[in-house]
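User: Hi! I would like to learn how to read a structure like this one, feature by feature. Could you walk me through it?

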Amino acid sequence: MDDHALAERLAAEAGRLLLDVRQEFAGVAAHERKAVGDKRSHDFLMRALAMRRPVDAVLSEEGADDPVRLRAARVWIIDPLDGTREFSEPGRDDWAVHVALWQAGALVAGAVALPAQGITLATPHVAPPPAASGRPRIVVSRTRAPAIALAVRDALGATVAEMGSAGAKVAAVVRGLADVYVHAGGQYEWDSAAAVAVARSAGLHASRIDGSALAYNRADPKLPDLVVCRSELAEAVLAVTGGANRRPGSGDTQSRLA
């Protein structure tokens, strides 16, 4: 099984496990449901990767950061449950599982599962979104839409929709349900790696808000801001977010899906 197929399979299987957790713990407190979901998905993904890719390193939101990854040629970057708040709320489907592979300086494979929607988006062949029509649509956090996203809204004459996990937001752009995702409120590598791999496979623009490259497998995994959008909107979005003097998509090899 190649890396693309493995990322897709693991994300989908972890998603099914999380659906079982959601049902099993439907009657307990939300914080307990979140904790169980995070742990079971993390444990499953770690076991599966240890069995199928024993030489590779792993960076997981739910695991201790092993510095060996900084010397590794291949590192899986995973978020076992992206959008724990939405996962804990009955009926919400805007949560995800992220599985990505970084190799020698670039994201080379990735999958984002949306278990409650029955969808898994995975490299290498992700269909581009359908042609845009009407006013641009921007997806933002349910709890704190960053001021920069609202500035982009005003500049583009766009509408805004609130959504949960970062993976669900990027998936909305990939699927043509939205056109722009701008985030400036603080994230980590596992919040975006898989989603960025999938977005680039679909032909979308992905960068920092200043237009610079998204770099992964760094000593400090904080990656505080992100732009994912239709390529034809990138120049207009970056003009607002601070990347006006950079060519959309510019940056080092880590900005590209190999």
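Analyst: Happy to! Keep in mind that this is a predicted model. Let's begin with a sheet: five strands form an open sheet in the order 1-2-3-4-5, and their pairing is mixed.

User: Which strands stand at the edges of this sheet, and why is one side of each left without a neighbour?

Analyst: The edges are strand 1 (57-60) and strand 5 (119-122); each has a single partner strand, so one side of each has no neighbour in the sheet. On average, neighbouring strands here are turned by 15° against each other, with direction ignored.

User: How many bridges join strand 1 to strand 2?

Analyst: Four bridges do, and strand 1 runs parallel to strand 2 (residues 74-82). Within that pairing, V58 has W76 of strand 2 opposite. Helix 1 (residues 3-24) packs on the sheet, where it touches strand 2, strand 3 (96-103), strand 4 (106-114) and strand 5. The direction of helix 1 makes about 30° with that of strand 4.

User: What is the strand order in the other open sheet?

Analyst: That open sheet also has five strands with mixed pairing, but read its order carefully: 7-6-8-10-9. Strand 7 (159-163) and strand 9 (205-207) are its edge strands, each pairing on one side only. From one strand to the next, the twist averages 20°. As an example of a pairing inside it, strand 8 (residues 180-183) and strand 10 (residues 226-229) run antiparallel and are joined by four bridges. There V182 has V227 of strand 10 as its bridge partner.

User: Now the helices. What is the general idea about the way their residues point?

Analyst: An α-helix has 3.6 residues a turn, so residues three or four places apart point the same way. For a case here, take helix 5 (residues 166-174): nine of its nine residues are buried, so helix 5 is largely enclosed by the rest of the structure. The buried set runs A166, G167, A168, K169, V170, A171, A172, V173 and V174, with a lysine in it. Just after helix 5 comes G176, with a positive phi of about 80°.

User: Are Y188 and W190 buried or partly exposed?

Analyst: Y188 counts as partly exposed because its relative accessibility is 33%. W190 is buried, at a relative accessible area of 10%.

User: Last topic: how is the size of an interface often given?

Analyst: Often as the accessible area lost when the parts come together. Here the chain is divided into domain 1 (3-122) and domain 2 (137-244), and the two bury about 2,200 Å² between them, with 62% of that on carbon and sulfur atoms. In terms of residues, 34 of domain 1 are in contact with 26 of domain 2. The domain centres, taken over C-alpha atoms, are separated by 20 Å.

User: Thanks, that was a friendly tour!

Note on methods. Residues numbered from 1 in each chain as written. Predicted model: local features only at pLDDT ≥ 70, side-chain atom pairs only at ≥ 80, totals over all residues. Heavy atoms only, no water. Buried < 20%, exposed > 50% of the residue type's maximum accessible area, 1.4 Å probe, protein only. Pairing = 2+ DSSP bridges. Helix = DSSP H or I, 4+ residues; strand = E, 2+ residues; numbered from the N terminus. Axes fitted to C-alpha atoms, helices over the stretch in contact; angles between N-to-C directions. Domains from an automatic or database assignment. Contact = heavy atoms within 4.5 Å. Buried area = accessible area lost by both parts, 1.4 Å probe.
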